[in-house]
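Here are some exercises to work through with the model open beside you. Try each task on your own before you read its solution.

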Amino acid sequence: MAELQEVQITEEKPLLPGQTPEAAKTHSVETPYGSVTFTVYGTPKPKRPAILTYHDVGLNYKSCFQPLFQFEDMQEIIQNFVRVHVDAPGMEEGAPVFPLGYQYPSLDQLADMIPCVLQYLK
């Protein structure tokens, strides 16, 4: 019977402790229902899939998705995609308070803002 030998396997990870993730670019685009802010990681490429996120109620993209996208096992996946994180109006960091009487967009109107983001990114 052959004797088992211990083998060292080193796993290559795109982000190691001490490295920083790629720079994010924040954009705003006007839609029929107001301005929407979104943050892009990576460079959009024609005919390449993207990961698009839209956060949950009362959150923004950082509070909702940052733990997922910083998870070590996700690094291999996200290095192959551009990521577009859409923030609902007023949910982006540092957003001003809405004026009195402001009518917040409905869920359908919030969804209708997404094609404006995609058109902006081509």
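**Exercise 1: Threonine 39**

Threonine 39 sits in strand S2. Helices (H or I, at least four residues) and strands (E, at least two) are DSSP runs, numbered from the N terminus. The model is a predicted one, in which local features need pLDDT of at least 70 and side-chain atom pairs count only at pLDDT 80 or more, while totals for chains, interfaces and linings use all residues. Numbering starts from 1 along each chain as its sequence is written, and side-chain values use heavy atoms, with hydrogens and water left out.

Task: decide whether threonine 39 is buried or exposed, then find what it is in contact with.

Solution. Start with the cut-offs: buried means under 20% relative accessible area, exposed over 50%, and partly exposed in between (1.4 Å probe, protein chains only). Threonine 39 has 2% relative accessibility, so it counts as buried. Next, look for contacts, meaning heavy atoms within 4.5 Å. Setting aside neighbours within four places in sequence, threonine 39 is in contact with Ala24, Lys25, Thr26, Tyr61, Arg83, Val84 and His85. Finally, check for polar contacts (a pair of N or O atoms within 3.5 Å; within protein, one must be able to donate a hydrogen and the other to accept it, and residues adjacent in sequence count only if both atoms are side-chain atoms). The side chains of threonine 39 and threonine 26 are joined by such a contact of 3.4 Å.

**Exercise 2: The sheet**

Task: work out in which order the four strands form the open sheet, and which strands are at its edges.

Solution. Begin with the pairing rule: two strands pair if DSSP finds at least two bridges between them. S1 and S2 (residues 34-41) are antiparallel and share eight bridges; in this pair, alanine 24 has tyrosine 41 of S2 as its bridge partner. Moving on, S2 and S4 also run antiparallel, joined by five bridges, and phenylalanine 38 stands opposite valine 86 in S4. S3 and S4, in turn, run parallel with five bridges, with alanine 50 facing its bridge partner valine 82 in S4. Put together, the order is S1-S2-S4-S3, an open sheet with mixed pairing. The edges are S1 (24-31) and S3 (50-54), each of which pairs on one side only. On average, neighbouring strands are turned by 25 degrees against each other, direction ignored.

**Exercise 3: Strand S4 and helix H1**

Task: find which strands helix H1 touches, and explain why S4 is largely enclosed.

Solution. Helix H1 (residues 61-70) packs on the sheet and touches S2, S3 and S4 (82-87). Its direction makes about 155 degrees with that of S4; axes are lines fitted to C-alpha atoms, for helices over the stretch in contact, and angles run from 0 to 180 degrees between N-to-C directions. Now go along S4: Val82, Val84 and Val86 point one way, Arg83, His85 and Asp87 point the other way, and all are buried. Six of the six residues of S4 are buried, so the strand is largely enclosed by the rest of the structure.

**Exercise 4: Two residues and their surroundings**

Task: list what histidine 27 touches, and what valine 40 is in contact with.

Solution. Histidine 27 lies in strand S1. Not counting residues up to four places away in sequence, it touches Val36, Thr37, Phe38, Val40 and Tyr120. Histidine 27 and tyrosine 120 are 93 residues apart in sequence, yet their C-alpha atoms are 9.5 Å apart, and a polar contact of 3.4 Å joins their side chains. Valine 40 belongs to strand S2 and is buried, with a relative accessible area of 3%. Leaving aside neighbours within four places, valine 40 is in contact with Ala23, Ala24, Lys25, His27, Val82, Arg83, Val84 and Leu121.

**Exercise 5: A salt bridge**

Task: find which residue forms a salt bridge with lysine 62.

Solution. Apply the rule: a side-chain nitrogen of Lys or Arg within 4 Å of a carboxyl oxygen of Asp or Glu. The count comes to one salt bridge. Lysine 62 pairs with glutamate 93, with the closest N and O atoms 3.5 Å apart. Lysine 62 lies in helix H1 and glutamate 93 in the loop between S4 and helix H3 (107-112), so the pair ties together parts that are 31 residues apart in sequence. Lysine 62 is partly exposed at 29% relative accessible area, whereas glutamate 93, at 57%, counts as exposed.
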